[in-house]
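Have a look first, then read on.

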Amino acid sequence: MFDKDTIYVIGDSKTASNNPIMQQFNSYFIGLVIDRKNHKIIEAECSSTISLTSQFVQSIFNGRSMMDFEDIVADIENRYFGASQKALIVAFKNACIKYNQIINN
């Protein structure tokens with residue numbers, strides 16, 4: 001399904017305890033399939049209680065470069081107004097840290 005040059009990275013964070021995502025999953029996750037040759041995000045998915053949320057998050061990430069951290073965060077801040085906006089940003093930051101560790105080894 002995915003090219004041999006792709007890797008899978010998970011970023012995680014916490015959100016408000018009254019958020020349905022925390023009640024269901026006890027954490028907030030974003031999974032990213034990334035092409036390590038060009039840093040392009042091939043596929044993204046997040047923990048969500050509504051499938052539209054995951055689809056919308058995909059529209060923010062898919063086709064973008066992991067190297068465009070600030071631009072992606074700005075898009076999240078300007079476009080995603082779900083209760084887990086901050087959790088999404090923190091999870092993405094966590095995924096970026098992991099990704100940079102992987103490509104620098």
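**Labels and the numbers behind them**

Q: What makes Arg79 and Tyr80 contacts of Phe56?
A: Once neighbours within four places in sequence are set aside, Phe56 is in contact with Arg79 and Tyr80. Contact here means heavy atoms within 4.5 Å, so both residues meet that cut-off with Phe56. Bear in mind that this is a predicted model.

Q: Why is Phe56 called partly exposed?
A: Phe56, which sits in helix 2, has a relative accessible area of 30%. Buried would need under 20% and exposed over 50%, so Phe56 at 30% is partly exposed. As for distance, Phe56 and Cys46 are 10 residues apart in sequence and 9.9 Å apart in space, C-alpha to C-alpha.

Q: How do you know that the buried residues of helix 2 line one face?
A: Thr53, Ser54, Val57, Gln58, Ile60 and Phe61 are the buried ones in helix 2. Looking down the axis of helix 2, its buried residues fall within an arc of 160°, so they line one face. An α-helix has 3.6 residues a turn, so residues three or four places apart point the same way. The face of helix 2 turned away from the buried side carries the exposed residues Ser51 and Leu52.

Q: What do the buried residues of helix 2 pack against?
A: They pack against strand 2, strand 3, helix 3 and helix 4. After helix 2 comes Gly63, with a positive phi near 90°.

Q: What makes the pattern of the chain β-α-β-β-α-α-α?
A: The protein chain has 4 helices and 3 strands, and reading along the sequence gives that order. Buried residues make up 43% of its 105 residues. Among contacts with a separation of 6 or more, 51% are between residues 24 or more positions apart. The accessible surface of the chain comes to about 6000 Å², with 50% of that belonging to carbon and sulfur atoms.

Q: Which residues have the most contacts inside the largest nonpolar core?
A: That core has 25 residues, and Leu32, Phe61, Met66, Ile76, Leu88 and Phe92 have the most contacts inside it. Strand 1 (6-13), strand 2 (28-35), strand 3, helix 2 (51-61), helix 3 (69-79) and helix 4 (85-103) each supply at least two of its residues. Helix 4 gives the most, with 8 residues. Take Phe92: leaving aside neighbours within four places in sequence, Phe92 is in contact with Ile30, Leu32, Phe61, Met66, Phe69, Ile72 and Val73.

Q: Why is the pair Asp5 and Lys37 called a salt bridge?
A: The side chains of Asp5 and Lys37 meet at 3.5 Å, N to O. The cut-off is 4 Å, so the pair counts as a salt bridge. Asp5 lies in the segment before strand 1 and Lys37 in the loop between strand 2 and strand 3, so the pair ties together parts that are 32 residues apart in sequence. Lys37 has a relative accessible area of 58%; with exposed set at over 50%, Lys37 is exposed.

Q: What makes Asp12 and Lys98 a link between parts of the chain?
A: Their side chains meet in a salt bridge at 3.7 Å, N to O. Asp12 lies in strand 1 and Lys98 in helix 4, so the pair ties together parts that are 86 residues apart in sequence. Asp12 is partly exposed at 32%, and Lys98 is partly exposed at 30%.

Q: How do you know that Asp75 and Arg64 form a salt bridge?
A: Their closest N and O atoms are 2.6 Å apart, and the cut-off is within 4 Å, so the pair qualifies. Asp75 is in helix 3 and Arg64 in the loop between helix 2 and helix 3, 11 residues apart. The count of salt bridges comes to 3.

Q: Why does Ile42 qualify for a surface patch?
A: Patch residues need over 30% relative accessible area, and Ile42, in strand 3 (residues 40-46), has 33%. Ile42 forms a nonpolar patch with Met1 and Phe2, with about 370 Å² of accessible area together.

Q: Why is His39 not called buried?
A: His39 has a relative accessible area of 21%, and buried means under 20%, so His39 is partly exposed. His39 is in the loop between strand 2 and strand 3, and its phi is near 65°, a positive value in a residue other than glycine.

Key: Residues are numbered from 1 along each chain as its sequence is written. This is a predicted model: local features need pLDDT of at least 70, side-chain atom pairs count only at pLDDT 80 or more; totals for chains, interfaces and linings use all residues. Side-chain values use heavy atoms; hydrogens and water are left out. Patches are made of residues with over 30% relative accessible area and no salt bridge: like charges are joined within 9 Å, nonpolar side chains (Val, Leu, Ile, Met, Phe, Trp, Tyr) within 5 Å. Accessible areas come from the Shrake-Rupley method with a 1.4 Å probe; for residues, only the protein chains shown count as cover. Buried means under 20% relative accessible area, exposed over 50%, partly exposed in between (1.4 Å probe, protein chains only). A nonpolar core is a set of buried Ala, Val, Leu, Ile, Met, Phe, Trp, Tyr and Cys residues joined through side-chain atoms within 4.5 Å. The arc is that of the directions from the helix axis to the C-beta atoms.
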